[in-house]
Amino acid sequence: LALEAGQQTTHMKLLPGESIRTPRILLVLWQGGDRLRGHNLLRRLLLAQYVPRDETGVLAPLIGQFGVDQQLNWCTEANQLPQIPRMAKTGVEMFWLDAGWFAGEWPYGVGSWVPKPAFPRGLKPLGDAAHENGMKFILWFEPERVCKDTRIANEHPEWVRWTDPTDRSGLFKLDDPAARRWLTDHLVKCVTDWGVDVYRNDFNIAPLPFWQAADAPDRQGVTENHYIEGLYEMWDEIRARKPGLTIDNCASGGRRIDLETISRSYPLWRSDTACGRPVSSAWDQCQTAGLSLYVPLHSSGAWGFDPYVFRSVMTTAVALNTDIWRDDYPFGPATERLREVKELRPYWLGDYYPLLPINLDESHWCAWQFNRPDSGDGFAMFFRRPQSPYAVTEVALRGLDPAAVYEVTFVDTEVERTMTGAELARFRAEIPSAPGTLLVRYEKASR
């Protein structure tokens with residue numbers, strides 16, 4: 001077996017005193033014929049040594065809620081503040097202010113990181129309100145993109161790259177130490193002054209043409225290399241100067257998930273397929289089932305509280321796009337679903353097993369299991385898709401002791417059974433209606 005990896009273009013000479021670094025690679029070695037053993041060894045290593053942590057343990061994504069719907073530029077202090085206590089009522093853990101809060105608004109105000117007039121007191125009142133209601137404050141930035149006629153473009157044009165004079169967006173020079181220091185200082189001041197707990201770093205342009213245009217024929221790849229070094233340095237400096245801050249890594253929805261970024265951040269918005277309706281639950285299921293093989297921490301957007309739709313997207317968290325300001329908001333179902341997220345959260349840090357093939361076929365089922373071998377408990381989630389003619393499927397739950405006894409709870413019907421590990425290895429799941437979902441929890445019985 002031969003493996004080859006690296007930066008895609010590296011044809012360069014280095015200047016006196018200059019250095020570059022190679023992309024970081026993690027190789028996990030394992031033996032045997034069970035590929036899921038390899039995946040779980042990778043997950044265990046990432047959770048133990050790589051993902052963000054504090055003194056309490058792994059910093060898993062939390063439940064966030066947008067204050068207004070996806071019309072991002074509607075946000076004002078007046079329409080945001082009343083929603084924060086309503087979020088706390090359902091169990092939301094983070095008040096989420098996305099794009100549209102800054103001068104010039106989304107998208108062409110990107111590069112002016114000062115609050116727009118609709119926030120006359122700045123953003124501190126929002127951070128204070130979130131904290132007073134027991135929540136964290138997450139705030140959106142896109143610091144690497146600079147649009148014309150914004151603060152950075154006008155005051156520091158030397159810090160912006162353009163590929164064409166007609167472009168609306170340019171790329172901030174994170175490879176320039178002076179530019180990076182200014183931006184880092186400004187972002188640290190923003191998150192400190194406004195009480196931001198989660199710094200959301202989005203990125204919605206393709207950087208490669210900007211990097212390539214900056215390189216001479218004998219320096220191909222050097223700008224990209226220094227730029228990415230600068231990104232990591234900026235994130236590390238922000239975290240060092242703002243203890244307790246976590247980073248949400250978006251990049252147009254999951255387009256920057258790699259070993260280095262998940263060591264400093266987590267993707268709360270793993271795909272922009274969650275941006276609009278109609279919801280594709282099969283897509284959500286495939287993203288959860290596939291990405292969890294490689295990336296332990298991630299979440300995405302939920303538009304409602306129907307169990308089939310909601311469970312398709314939930315992980316340790318969800319990002320709620322629901323209409324919290326409505327008089328008829330479904331507080332009961334919302335509270336129930338968010339309680340379920342919190343109860344299942346510890347299991348997402350265990351071993352993971354996709355129980356059925358991962359595909360988008362609406363006539364199939366989808367299912368997965370998260371198991372904690374140290375404590376002998378876990379859960380399995382099943383989805384019967386809308387066109388599936390089958391009300392029953394049989395799967396083998398993994399990681400269990402065949403001779404042990406387990407207390408099994410069918411959460412949706414509140415039925416409890418005692419089963420052996422051998423019986424759970426031939427588990428029969430039944431969902432009468434399509435679409436439908438089944439949640440099964442189990443716990444190793446004490447003797």
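## A buried charge network

Glu 260 is buried, with a relative accessible area of 5%. The model is predicted. Glu 260 forms a salt bridge with Arg 264, with the closest N and O atoms 2.7 Å apart. Salt bridges with shared partners join Arg 21, Asp 236, Arg 239, Glu 260 and Arg 264 into one network.

Arg 264 also forms a salt bridge with Asp 236, and here the closest N and O atoms are 2.8 Å apart. This pair links distant parts of the chain, 28 residues apart. Arg 264 sits in the loop between α10 (259-262) and α11 (281-291), while Asp 236 belongs to helix α8 (residues 222-241). How accessible are the two partners? Arg 264 is buried, at 12% relative accessible area.

Asp 351 lies in strand β15 (residues 351-354) and Arg 44 in helix α1, so the pair ties together parts that are 307 residues apart in sequence.

Arg 44 is partly exposed, with a value of 45%.

## Nonpolar cores

In soluble globular proteins, nonpolar side chains tend to be buried together. The largest nonpolar core here has 104 residues. Those with the most contacts inside this core are Leu 97, Trp 101, Phe 141, Tyr 199, Trp 368, Phe 382 and Phe 427. Helix α6 (residues 177-194) supplies the largest share, 7 residues. A second core of 22 residues is separate and includes Leu 42, Leu 47, Val 198 and Val 295.

Which residues does Phe 382 touch, leaving aside those up to four places away in sequence? Its contacts include Leu 355, Trp 365, Cys 366, Ala 367 and Val 395. Phe 427, Ala 429, Ile 431, Gly 436, Thr 437, Leu 438 and Val 440 are also among them.

## The seven-stranded sheet

An open sheet of 7 strands runs in the order β12-β10-β6-β5-β4-β14-β13. Its pairing is parallel. The edge strands are β12 (246-249) and β13 (301-302), and each pairs on one side only.

Inside the sheet, strand β6 (residues 136-141) and strand β10 (residues 198-201) run parallel, joined by 4 bridges. Leu 139 stands opposite Tyr 199 in β10. Tyr 199 is also listed among the residues with the most contacts in the largest nonpolar core.

## Helix α4 and its cover

Helix α4 spans residues 124-132. Its buried residues are Pro 125, Leu 126, Gly 127, Ala 129 and Ala 130. What covers them? The cover includes α2 (77-80), α3 (83-90), β5 (94-97), β6 and α6. After α4 comes Gly 134, with a positive phi near 75 degrees.

## Antiparallel pairs

A sheet of 3 strands is open too, in the order β7-β9-β8, with antiparallel pairing. β7 (145-147) and β8 (160-161) stand at its edges with a single partner strand each, so one side of each is left without a neighbour in the sheet. Between β7 and strand β9 (residues 169-172) there are 3 bridges. Cys 147 has Ser 169 as its bridge partner in β9.

Strand β19 (residues 405-410) pairs with strand β20 (residues 415-420) over 6 bridges, again in the antiparallel sense. Phe 410 stands opposite Val 415 in β20. The hairpin of β19 and β20 has 4 residues between the strands. In this hairpin, Glu 414 takes a positive phi near 60 degrees.

## A nonpolar surface patch

Leu 1, Leu 3, Leu 27 and Leu 29 make a nonpolar patch of about 610 Å². Where in the chain is Leu 29? Leu 29 lies in the loop between β1 (11-12) and α1 (35-49). Leu 29 is exposed, because its relative accessible area is 71% and the exposed class starts over 50%.

Methods
Residues are numbered from 1 along each chain as its sequence is written. This is a predicted model: local features need pLDDT of at least 70, side-chain atom pairs count only at pLDDT 80 or more; totals for chains, interfaces and linings use all residues. Side-chain values use heavy atoms; hydrogens and water are left out. A nonpolar core is a set of buried Ala, Val, Leu, Ile, Met, Phe, Trp, Tyr and Cys residues joined through side-chain atoms within 4.5 Å. Buried means under 20% relative accessible area, exposed over 50%, partly exposed in between (1.4 Å probe, protein chains only). Helices (H or I, at least four residues) and strands (E, at least two) are DSSP runs, numbered from the N terminus. Contact means heavy atoms within 4.5 Å. Patches are made of residues with over 30% relative accessible area and no salt bridge: like charges are joined within 9 Å, nonpolar side chains (Val, Leu, Ile, Met, Phe, Trp, Tyr) within 5 Å. Accessible areas come from the Shrake-Rupley method with a 1.4 Å probe; for residues, only the protein chains shown count as cover. A salt bridge is a side-chain nitrogen of Lys or Arg within 4 Å of a carboxyl oxygen of Asp or Glu. Two strands pair if DSSP finds at least two bridges between them.
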